[in-house]
Amino acid sequence: MNYIPHTEDEIKEMLGTIGASSLDDLFSEIDKSFFSKSFNLSEGRSEFELFEYLKKIAAKNDTSLINLSGGGFYDHYIPAVVDKLTSRSEFYTPYTPYQPECSQGTLQSIYEYQTLICRLTGMDVTNASVYDGGTALAEGIIMASRITKRKKVIIDSALNPLYQKIIRTYLNPDFYQIMIVDSSGYGLNRKKFLELLDSDTAAVVFQNPNFFGKIDDYSDLVKAAHEKQILTILSTYPIALGLLKSPGSFGFDIVTGEAQCLGNQLNFGGPLLGFIAIRKKYVRQLPGRIVGATEDKVGRRGFVLTLQTREQHIRRNKATSNICTNQNLSAIKALIYLASLGKDGFRKLSKMNYFKAQFARKALAQIDKIKIDLNYPIFNEFVIEIENLGQLYPKILEKDFIPGIPLAQFYPEMKNKLLICITEKISKQDILKFKSILESITYLI
Amino acid sequence: MKLIFEKSTFDREGFKLPKLDVPECKLPTDNLLESKKVNLPQVGELELVRHYTNLSKLNYCLDSHFYPLGSCTMKYNPKILETIAGFESFSNLTPNLSLSKKGFKYIQGSLALLFQLQNLLTEITGTSKVTLQPLAGAQGELTGMLMIKAYHQKKNNQKKYVIVPDTSHGTNPASVAMAGYESISIPTGPEGQMDLKIFKEKLTDEVAAVIMTCPNTLGIFNTQIKQICDLAHQKDVLTYYDGANLNAILGKIKPAELGFDIVHLNLHKTFSAPHGGGGPGAGPVGVVDKLVPFLPEPYIVKDKNDQFSLYQQSPDSIGKVAPFFGNFQVLLKALTYILILGKEGLEKVSEIAVLNANYIMESLKDYYQLPFRRRCMHECVISAQKQKEKGISALNIAKYLIQEGIHPPTIYFPLIVKEAMMIEPTETESKKTLDQFIQIMKKAAKLAKESPQTLKQAPANFIFSRFDEVKAARNQNLKYKNNNNE
């Protein structure tokens, strides 16, 4: 199958119009030596053969395990309307809405999406999306440095370690100075932060709930940073914002995060959906597409890409970022997801995550050989410590549970510690079953 | 159309959640808690479905309209790609299983496919190894620039500049800036390709790399491309191939064999993954041997027992540009496309893409100005300069096309052509569709002479007339506020 509709006669006729003798002749300006001698690729296959082949390979994945892992990439239930609506060709087969008259479907959806991200975060302005939570944060830091004309960034070590790696890749070490503050236990080292804030600091970066699931009150640190004209950045988890104090009310200047959890499947880690929301005064420094409302010639409301002089296709090397195509369809999924849950539903969902995780944390704490620090508030993730985790981890997998994320690979001092996430998809029965599995296998050690 | 917020009713319940099956407990303390619910719209499911169904109908899209947007390769997206991507074993797989070696056995299917795609793209580009991590073409460019930087730093080369032709995509100089280099823009010569003489003058020891799109955004294949790469290498200047226009040479020429060290691909362009209204895309990057140590990690490897695992041990790796393996779902679609087409299918792509573009160019050459009189590749750039004399701009013609049921080409790009219209039909469009387009373009040229007002008022009898973009920028209405200013 090659999806090419031309008949031989049509090709001949077209070549005649062009004045070319053959299809090869179309390439005659190119030196013969430029052409490759061989392409070692297999022959094309029929759709049916390919379907069967990929079905077989898909069967080598196991998605039947009960997933207790989060760490930024969450397994939430997705209402059927989300995929049904976004699998309409009108949403998934156009491109960037450069021509607003025939792209209002995308443009209005993104305007609605921008509105909801602002309402979730309590911020003034957001853009049409960025790639993921990690690059959103990197862009946020670059933006803060541009605004403050400073180069030092202070980051809490309880920030998602994968984001930390992305930030280190994105931020040119010749230019930026990155300082990591070690969290004491699972929480913030407030004293250290206060010590480090100085007139060279562009931004401080926190995550709430932090990577270990802890939720915190950041008002004191935000205030202290602002006294030194330092911008404050928070990476956050949208589902938690149904219950937790909005980053805007803490006073943050830039709020970023991963919104895959809003109606986007896990898809082995991509596509994801990054967002970056800011105070209005910084709008000209925001990277990426922004949709704004306007009117047509007869006063009908409509939407267009706006403030484009920030962007690469106009400003080239002076642009706020190189970003162009990113996660439009993922953003529309997030929009429809939020609209489907609604105001009450979203609060309920957020609370449900919270209640179930508290229940699970208490239940697991009853197991003799498991240590859990119950003294800090969490949203839907928490850390447990099990002796010999390395040996037990595959055994728990065999019992059909993904038991969470082993933390030692990111934090060497956290040997035997596991980050567990409980979403609304995990039933009480699942939790109790997991508990009994842990009881029986830890009993053996 | 009304916004979803304007259809919302105060106390209507949306999606029904299951009953809470654990006891409620104390909520966090007040300083951690949001007292008010997030103000989300409350609509019933049918109303929600109608809203977004009707909204979607306001879009022109590839499945409903000819969409010859230049440099974007809007080819047909076979439906089987969506079916495969919808397999539950792909879509519901958590990447967290890759964080522990013990989890690898549960993700062998996805790793196998990523491994297969890495190899196929290596073969197609002629490079030694490919990273699938970059999430879009622009991020692929940044990844390339960061590897270039790491390479020169490792060798203690003092480099400051990156050369880009003046026809380059805006992302090129923007990516250069993000990596901390300065860009040098080289003008285009009378043949429609980078001026070789000026290039040679600017090619000093301080140049880190040269970025070329080939064919360039004029749709012209640079016949001196090998020489450019050779000259660059003599000064340890790395050569970067922007793959946005690979569709023109797919299955015929391997960029690395022309002398390119780094090649990025836009899977949503050349390899038919749908564009999603502006993403998600994917921008894998292939490199030649000397740059392999700098690739982002991990990448997928196969062991002796045919088991797939992850490699992440190079001390010189630039790190990560995405948390896991890139946009897996998009990668899966591109792989499916490559496997369906196979060798002959891929070769045919470039042949017919080039045929279609030349057919349009030849058919319109008496009606519009052609900035360069030579054969084009997969896209052609024509200019509305002739029409401008009658006060008709490329924008007017674009809006007329909308009125006639066609998505306009890319306009005002490349920047060096005045009143540019960049037309990329792709191989999947039939002669009949092209003929209709050509007729409408001829009619537009005629109207420009005889009835310019018709074009200036376009789109007429359409759902919307032209939007006031100046007002949008001035008002900065970037989110909805209700009467209570919420």
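**Reading the terms in a two-chain model**

Student: Where does B:Pro280 lie in chain B?

Tutor: B:Pro280 lies in the loop between strand S6 (262–265) and strand S7 (285–287) of chain B, where helices (H or I, at least four residues) and strands (E, at least two) are DSSP runs numbered from the N terminus. This is a predicted model, in which local features need pLDDT of at least 70 and side-chain atom pairs count only at pLDDT 80 or more, while totals for chains, interfaces and linings use all residues. Residues are numbered from 1 along each chain as its sequence is written, chains are lettered from A and ligands numbered from 1 in the order in which they are written, and side-chain values use heavy atoms, with hydrogens and water left out.

Student: What is omega for the bond that joins B:Gly279 and B:Pro280, and what is omega for the bond from A:Asn208 to A:Pro209?

Tutor: Between B:Gly279 and B:Pro280 omega is about 5 degrees, and the peptide bond is cis. From A:Asn208 to A:Pro209 the bond is also cis, with omega near -10 degrees, and A:Pro209 is found in the loop between strand S5 (201–208) and helix H9 (219–227) of chain A.

Student: Is B:Asn156 buried or exposed, and what is its phi?

Tutor: Buried means under 20% relative accessible area, exposed over 50%, and partly exposed in between, with a 1.4 Å probe and protein chains only. B:Asn156 has a relative accessible area of 63% and is therefore exposed. Its phi is near 60 degrees, a positive value in a residue other than glycine, and its place is in the loop between helix H5 (137–154) and strand S2 (161–165) of chain B.

Student: Is B:Asp236 buried or exposed by that rule?

Tutor: B:Asp236 has 18% relative accessibility, which is under the 20% limit, so it counts as buried. It too is not a glycine, yet it has a positive phi of about 55 degrees, and it is found in the loop between helix H8 (225–234) and strand S5 (238–243) of chain B.

Student: What makes helix H12 (residues 394–403) of chain B count as mostly covered, and what covers its buried residues?

Tutor: Eight of the 10 residues of H12(B) are buried, among them B:Ile397, B:Tyr400 and B:Leu401. Contact means heavy atoms within 4.5 Å, and what covers the buried residues includes helix H11 (385–388), strand S12 (420–423) and helix H13 (431–450) of chain B. Just after H12(B), B:Gly405 takes a positive phi of about 85 degrees.

Student: Why are S2 and S4 of chain A called edge strands?

Tutor: Two strands pair if DSSP finds at least two bridges between them. An open sheet of seven strands in chain A has the order S2-S8-S7-S6-S5-S3-S4, with mixed pairing, and its edge strands, strand S2 (125–126) and S4, each pair on one side only. S3(A) and strand S4 (residues 177–181) pair in the parallel sense over five bridges, with A:Val153 opposite A:Ile178. S5(A) and strand S6 (residues 231–236) pair in the parallel sense over six bridges, with A:Ala203 opposite A:Leu231.

Student: How do you know whether the radius of gyration of chain B agrees with that of a compact globule?

Tutor: The radius is taken over C-alpha atoms, and the globule rule is 2.2 Å times the number of residues to the power 0.38. With 486 residues the rule gives a value near 23 Å, and because chain B has 25 Å, the two agree. The C-alpha atoms of chain B fill a box of roughly 75 × 65 × 45 Å along the principal axes, and buried residues make up 67% of the chain.

Student: What are the positive and negative counts in chain A, and how far apart are the centres of the two sets?

Tutor: Lys and Arg count as positive and Asp and Glu as negative, while His and the chain ends are not counted, and a charge is placed at NZ of Lys, CZ of Arg, CG of Asp or CD of Glu. Chain A has 54 positive and 48 negative side chains, with centres 7 Å apart, while in chain B the mean positions of 57 positive and 48 negative charges are 3 Å apart.
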